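Dear colleague,

I am passing on to you the structure shown below. Please look through it first, and then read the notes that follow.

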Amino acid sequence: MKIRLGVVGARDSIGIVRKVVKEFHEIIMLPFPYDSMEEVLDIIPKNRLQVDQWFFAGQAPYHLAVDHQVIRAEEGSYAPLNSSSIYKTLLQAQLQENRIFHSISLDTFQGTESELRAELPSMELHTFPYSGYIPVEEIVKFHLELFEQGKVEVVITCIKRVDNILKDMGIPCYRVAPDENSIRLIIQYLKQRGVSQWYRKAQIAITGIEVLPSTVDEQFSYKVKYRELELKRLLLEYAESVNGSFVEMGDSRYFIYATRGEVELQLKENSLFTLINQVDLRSRFAIKIGVGYGITSLESEQNTRLAIQYARSKQAGSIITVDENKKVSEIEQQEYEISYDGRSLFEEWGNQLKEANISSATLNRIHSLALHYRKMDITSNELATWMNSTDRNARRILMELESAGLVEIKGEEQSGQRGRPRKVYRLGFLENEKSFENTNW
């Protein structure tokens, strides 16, 4: 198992991280350089499925992403700057300017000012520490005012854009780069977190569905039985979509056993909320849904029953999850789907899609699910499972894509049954994806 590490930062910072990543054979580095820090808000959503953990070149881009909720805090980290990085940059500045500086201004440093003053007792320091993210303009203003007032001789900054702006103004400015040892420690931490994330996806997940008592006092009738059959049909379709098994528990309860990765994928796609709406519309039953996660099936079942208890007291349309730590979460319908920008895919492969008579939405879904499952080579049977369709329809899609040059036959696979072996197709439109470069999943 290899962890896909997305590295976000200025190009020179990414070069330092790349050098350290070479020491970790379990990590595939996916570089995402930017010119302006605000590009982070576009980079991460567009590449979310390719990355297991994010490494940021500094605290500012990390907190910018977290504050705007494009990632959760546990999905990434950054290497904090330490005093040794400051001393190294200051020495470089003095050697390059061929003079000894007696006053400097410094931003971003997370250590204490007293720590620096103890190491540099004869130097006048003007620091601008901050936590989280603040606009670059404020940092530039801090340094500029001090320099114009003659209070500092040189600027030491940790932000590439600040460095560029001040240098364009003719102000002597030097940028602090993260220390390799700090980078190494954070990468080790992110690697362990990435491995835990994949084991977490393999946890047992049980989706519990409880049918609420009907508001209409109905006696036994064929109509009620037809409604119950429609309900079971919808639940079976959902069980198939998560590659799970369906169990009727009695007392109007149903359990669907699957893995956490499959269930969380469906939650991101709002499939459970769609299920609630479809059940209400087609069978006229109201349902409550609780999802339990656990290391064992017993723990998962106990957490599922607990989740259903919580769900009873919540408003209609809410889904309750309980994890292995008994953490209870209430999930509301999300506004985004786990997919790539279908428009960009259509622009790149538009002519081939027209020839193949395949919609951009279909290619978009295959694209996203291939990244989710880390699969570049698939059979029609696997595609049918992904698309929740028949094997015949999946073969048709692959044949159409092959005729358009978007996939190619790479070999055959025995099905374990009589008959012809299945063809294995290589998804050619994924070959330029960073997460598949030089990698054989």
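**Findings in the predicted model**

The secondary structure of this protein consists of 16 helices and 17 strands. Please bear in mind that the model is predicted.

The protein has 441 residues, and 48% of them are buried. Among contacts with a separation of 6 or more, 62% are between residues 24 or more positions apart.

**A sheet of four strands**

In which order do the strands of the open four-stranded sheet stand? The order is β2-β1-β3-β4, and the pairing is parallel. Strands β2 (27-33) and β4 (76-78) are at the edges; each has a single partner strand, so one side of each has no neighbour in the sheet. On average, neighbouring strands of this sheet are turned by 25° against each other, direction ignored.

The pairing of β1 with β2 can be followed in detail. Strand β1 covers residues 3-9 and runs parallel to β2, and seven bridges join the two. As one example, R4 has I28 in β2 as its bridge partner.

A helix also belongs to this picture. Helix α2, which spans residues 40-47, lies across β1, β2 and β3 (53-56). Its direction is at about 160° to that of β3.

Is S105 buried or exposed? The residue has a relative accessible area of 0%, and because buried means under 20%, S105 is buried. S105 is part of strand β5, which comprises residues 103-107. Leaving aside residues up to four places away in sequence, S105 touches H126, F142, H143, L146, V152, V154, V155 and I156.

Y226 provides the contrasting case. Its relative accessibility is 57%, and because exposed means over 50%, Y226 counts as exposed. Y226 is located in helix α9, which runs over residues 222-241. On the surface, Y226 forms a nonpolar patch with Y222 and L229. Together, these residues have about 420 Å² of accessible area.

With kind regards

Definitions and conventions: Residues numbered from 1 in each chain as written. Predicted model: local features only at pLDDT ≥ 70, side-chain atom pairs only at ≥ 80, totals over all residues. Heavy atoms only, no water. Patch = residues over 30% accessible without salt bridge, like charges linked within 9 Å, V, L, I, M, F, W, Y side chains within 5 Å. Areas by Shrake-Rupley, 256 points an atom, 1.4 Å probe, with all protein chains shown as cover. Salt bridge = Lys/Arg side-chain N within 4 Å of Asp/Glu carboxyl O. Buried < 20%, exposed > 50% of the residue type's maximum accessible area, 1.4 Å probe, protein only. Pairing = 2+ DSSP bridges. Axes fitted to C-alpha atoms, helices over the stretch in contact; angles between N-to-C directions. Contact = heavy atoms within 4.5 Å.
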